[in-house]
Amino acid sequence: MACFLVAATEAVITTVATKIIEKKEKEQQELKVSFDGVKTEAAQKIPFSRKLKWLNRMLWGGSALLMFEHIWHGEIVPFFPFLTAASDPADAAQMMHEMATVGVSMAALVTAVWLGVVGVTALIEKRAEKEADTLAASEG
């Protein structure tokens, strides 16, 4: 009924956090990386604000799809109270339960997937940084 509101709320919070973090971040750190042992290329570490934007996009996209699905099924209407379950106290209690169970679990799953992606990215960046250090040591 309104499970998408949980992910949308998390998306609003992470959007605000992204804007704050973007203002605090300085210039990107550049690394020299050798992919074939001979040719070197410049690489940059991905700033955390950009990684947080990945989560924002996942949350906003999922919320939009769920909202469309709820509109399609007539659970969201273009007049007050907008959520059909909010007009009846018994349905409102069921809606709150759905938000607390389904909505929270969906938002947590999306966040867990994002954490996995960020973890893999951190491993790749760490390997590239190690390669850059060995390349700099062999050149110097």
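Predicted model: local features only at pLDDT ≥ 70, side-chain atom pairs only at ≥ 80, totals over all residues.

A: Residues are numbered from 1 along each chain as its sequence is written, and side-chain values use heavy atoms, with hydrogens and water left out.

Q: What pLDDT does the chain average?
A: The average is 88, and 87% of the residues score at least 70. pLDDT is the predictor's confidence in each residue, from 0 to 100.

Q: And where is confidence lowest?
A: In strand 1 (residues 30-34), with a mean of 63, while helix 2 (residues 48-72) is highest at 96. Helices (H or I, at least four residues) and strands (E, at least two) are DSSP runs, numbered from the N terminus.

Q: Now helix 3. Where does it bend?
A: At Met99, by about 30 degrees. The bend is the angle between axes fitted to the seven residues ending there and the seven starting there.

Q: Which residues of helix 3 are buried?
A: Among them are Met95, Met99, Trp114 and Leu135. Buried means under 20% relative accessible area, exposed over 50%, partly exposed in between (1.4 Å probe, protein chains only).

Q: Changing topic: is Thr15 buried or partly exposed?
A: Thr15 has 26% relative accessibility, so it counts as partly exposed. Thr15 is in helix 1 (residues 4-24).

Q: How far is Thr15 from Leu52?
A: They are 37 residues apart in sequence and 8.1 Å apart in space, C-alpha to C-alpha.
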